[in-house]
Structure formats: structure tokens, C-alpha cells
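Thanks for coming. I have one structure to go through, and I will keep it short.

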Number of protein chains: 2
Amino acid sequence: MKIAVLGTGMVGQALAGRLAELGHEVTVGTRDVAATMARTEPDGIGNPPFPAWAATHPTVTLATFAEATANAELIVNATSGNVSIAALTAAGTDNLAGKVLLDMSNPLDYSGGFPPTLFVKDTDSLGEQIQAAFPDLKVVKALNTLTAALMVNPHHLADGGHSVFVAGNDADAKVTVTALLEAFGHTDVIDLGNITSARGTEMYLPLWLRLMGSLNTPFFNLKVVR
Amino acid sequence: MKIAVLGTGMVGQALAGRLAELGHEVTVGTRDVAATMARTEPDGIGNPPFPAWAATHPTVTLATFAEATANAELIVNATSGNVSIAALTAAGTDNLAGKVLLDMSNPLDYSGGFPPTLFVKDTDSLGEQIQAAFPDLKVVKALNTLTAALMVNPHHLADGGHSVFVAGNDADAKVTVTALLEAFGHTDVIDLGNITSARGTEMYLPLWLRLMGSLNTPFFNLKVVR
């Protein structure tokens with residue numbers, strides 16, 4: 001499948017790399033290709049700059065948000081929550097229409113320091129805001145509840161014995177995203193309902209952040225025991 | 001131990017019954033004893049009225065919030081979140097001072113229908129509001145993340161192989177509450193840190209509510225796999 005991954009950070013790299021490994025034709029989308037390829041410093045938490053990552057992933061191409069999405073059959077939103085709508089706007093409504101968006105963004109607000117708060121919650125969610133801004137996009141909220149390494153390689157923890165969630169208004173789009181998650185190795189994908197259920201998974205982040213602090217690692221996930 | 005359980009609903013009944021079963025001297029606290037004992041109808045989701053429950057639990061006594069807390073060594077807040085501060089105010093500051101409060105309340109706001117929203121979140125929590133209102137109380141937020149039956153009998157699901165959390169400012173109070181949770185049968189009690197971590201567990205409720213809808217049962221819980 002032709003897939004556009006929007007975002008060049010740790011999450012975008014993890015998704016793009018794994019999707020390419022699974023045989024998909026992956027284009028990473030960024031705001032400014034030249035600026036992205038000029039980066040030489042690791043990000044704030046030590047991940048390599050995009051050019052270093054790209055050098056080891058020669059089948060993955062880099063393009064603008066618009067170019068990346070133009071021919072994509074599926075789009076992955078791996079941008080920071082605070083710039084997600086801007087990135088999709090830059091992609092252009094015509095390039096999004098009718099396509100499935102796997103939205104893994106979280107509405108984290110770091111303006112008050114760590115731990116971040118949420119810039120939308122409770123009566124709305126970032127997933128809903130994206131769906132409302134781009135009505136022709138089939139938004140499926142997923143993978144926003146675990147660290148990037150486990151999103152794409154769940155079997156690295158407890159043989160994959162943990163849970164992930166999908167939420168969205170389009171049943172077929174959820175089937176498509178669920179199949180992708182299963183291809184990554186997820187064995188317990190729980191359908192929470194329509195896109196308003198993104199409120200649930202986004203509002204889990206404050207607990208996730210405190211668990212990371214308490215366990216001193218991001219390498220954990222929830223199993224919904226039932 | 002002499003324990004006061006504030007609240008006569010499903011959660012209060014579950015806690016009081018289990019604590020009595022474990023040999024504790026339990027007094028249930030209510031606003032108006034006569035009114036509570038005059039109830040003859042099940043609650044909105046079919047739980048028996050308090051008098052019917054009390055008839056089968058003869059060692060548990062009923063008293064006002066103030067009477068129940070006066071001689072208690074430990075207090076359990078099992079009231080609805082929207083009346084928790086009023087119930088503790090009715091108990092009286094003198095009856096609370098220096099004591100441990102196991103606070104299992106959630107700030108659920110049903111005024112907009114189902115699923116409820118939260119009347120405090122993100123930059124504050126009900127646990128913190130209670131701690132701020134009663135500075136001499138040692139508030140430990142716990143057990144607000146699972147259904148009452150599993151709070152007190154975790155082994156009824158997956159042999160108890162799931163997780164619960166404690167959050168609070170007083171280390172000794174967390175030790176006391178953790179011991180109580182372990183007496184119930186919990187084997188994975190995760191200390192999230194100080195009372196601000198109550199934001200994490202209270203904000204999990206929107207996901208819990210959607211999981212309940214999706215799984216069509218409240219009989220589930222999280223295991224933090226790591």
C-alpha cells in the first residue's frame with residue numbers, strides 16, 4: 001500500500017520504518033524538506049536527526065505534506081498534536097478526501113512544563129477536531145496510548161500480550177487500521193466506538209505519563225483483562 | 001482496625017462488607033440515618049437498598065458521617081464525587097484530623113447525560129481538592145479505576161492478575177492503604193507518586209466508561225504490562 005507518514009520525529013520514524021519493513025511504499029511528509037534534511041542534531045530526548053535515520057532506510061522517501069499525501073492510499077498522522085491540524089491543512093483537502101487517517105496524535109500542552117496538560121479534553125478531543133476540520137477524511141484514532149517502539153513491535157513486550165484501541169466513525173476505515181495493527185503484531189485491538197471515544201484514549205495520557213515516571217521507563221502498556 | 005466507610009451505595013456496600021469479612025470493625029457513614037434506613041427501592045442500576053444489604057451484614061453498623069468517623073482509625077470515601085467534600089465537611093474537621101482517607105471517588109458529572117464528563121481534571125483533581133479542603137487528612141487516592149466487585153475481590157478476575165494504583169502525599173498512609181489492598185487480594189499495587197497523580201487515575205474514567213460500553217460489562221481491569 002502507498003502510505004504517507006506525516007512527521008519526522010521518533011514516532012514518524014518508527015512508523016515509517018516498520019511499514020517499509022512490511023513492504024509498504026512509504027513517503028514521510030514534512031513541512032520543509034530542505035530544513036528537515038539540514039538537521040544534524042538529535043532531538044530533545046536523544047533520537048537521531050531525520051537525515052541519519054533516512055540514510056539507514058533508503059526505500060523511504062521524504063516529501064512535503066502535500067506531495068506525500070497526493071498519491072497515498074492511507075495517511076498516518078505522527079505529528080505533534082499541537083501542529084497536527086496545520087500539517088493536514090498544508091497537505092491540502094484534495095489530497096486527504098476519502099482517505100483513511102491513522103491518527104496517533106495526543107493533545108499535549110508542554111507550556112506549563114512536565115508533565116504536560118491537554119489542550120483539548122473531556123467534551124471534545126483532538127481526534128474529533130481533526131475529523132471536524134476534514135470531514136472527508138476517515139479518521140481512526142489509534143496507537144496514541146503506548147510508546148513508539150511498542151506501537152510497531154508489540155511482541156517486544158510480553159509476547160504482544162497487551163491491548164490497543166481504535167476509535168472512528170467509519171467501520172471500513174477501522175477494519176483497515178485494525179489489519180495494519182495486526183500486521184505490526186497486535187493481538188488485542190479493541191474497538192471503542194465512534195471518534196468521540198478518542199476522548200477516552202487521549203485522556204489516558206496523564207496516567208501514562210505518571211506510570212512512565214513511576215516505572216522509570218516508557219516500555220510498558222495496558223492489557224485490558226476481562 | 002476501626003474503619004468508617006462513607007457512602008451507602010454499591011461501592012460503600014462492597015467495601016464495608018469486605019472489610020467486615022476481613023475482621024475489621026466497620027461503621028458506614030451516611031448523611032441521615034433514618035432516611036437511609038427508610039429506603040425500600042433498589043438504586044438506579046438495581047443494587048438493593050441499604051436496609052436490605054444491612055440485614056445480611058449484622059456486624060456492620062450505620063451512623064452519621066460525624067459518628068462514623070469520630071472513632072475511626074481509617075476512613076474510606078465511597079461517596080459520589082459530587083458530594084464527597086460535603087460528606088467530609090459533615091464528618092467534621094476534628095473527626096478527620098491525622099487520619100488516613102482511602103479516597104475512591106471520581107469527579108463524574110452526569111448533568112449532560114451518559115457518558116458523564118469530569119467536573120475537575122487536567123490541572124487539578126478531586127483527590128487534590130479533598131486534600132486541600134482537609135489539610136490534616138492523609139488522602140490516598142486508590143481503587144477509583146475498577147468496578148466495586150473487583151476492588152474488593154480482585155481474584156474473581158484472572159486470578160487477580162491486574163493492577164491498581166495509589167497516589168498521595170503521605171508515604172506511611174500509602175503503606176497502610178497498600179496493605180489493605182493486598183488484604184483484598186491485589187498483587188500489583190503501583191505507587192504513582194503524590195496526590196497530583198490522582199489526575200491520572202481520575203482522567204482514566206472516560207476510557208473506562210467506553211471500555212465498559214464496548215465490552216458490555218464493567219467486569220474488567222487494566223494490567224500494566226512491563
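**Strand pairing and the chain contact**

In E5(B), Asp103(B) is the bridge partner of Asn77(B). Strands here are DSSP runs of E with at least two residues, helices are H or I runs of at least four, and both are numbered from the N terminus. This is a predicted model, where local features need pLDDT of at least 70, side-chain atom pairs count only at pLDDT 80 or more, and totals for chains, interfaces and linings use all residues. Residues are numbered from 1 along each chain as its sequence is written, while chains are lettered from A and ligands numbered from 1 in the order in which they are written.

That bridge belongs to the parallel pairing of E4(B) with strand E5 (residues 100–103) of chain B, over four bridges; strands pair if DSSP finds at least two bridges between them. E4(B) also pairs in the parallel sense with strand E1 (residues 2–6) of chain B, over four bridges. There, Ala4(B) has Ile75(B) as its bridge partner. Leu74(B) and Val76(B) on one side of E4(B), and Ile75(B) and Asn77(B) on the other, are all buried (20 or more other C-beta atoms within 10 Å of a residue's own, C-beta atoms being placed from the backbone).

Now the two chains. The contact takes 35 residues from chain A and 34 residues from chain B, with residues in contact if their C-beta atoms, placed from the backbone, lie within 7 Å. On the chain A side, H11(A) gives the most, with seven residues. Across the contact, E11(A) and strand E11 (residues 221–225) of chain B pair in the antiparallel sense over five bridges. Val225(A) is bridged to Asn221(B).

Terms used. A residue is buried if 20 or more other C-beta atoms lie within 10 Å of its own, exposed if 12 or fewer, and partly exposed in between; C-beta atoms are placed from the backbone. Two residues are in contact if their C-beta atoms, placed from the backbone, lie within 7 Å.
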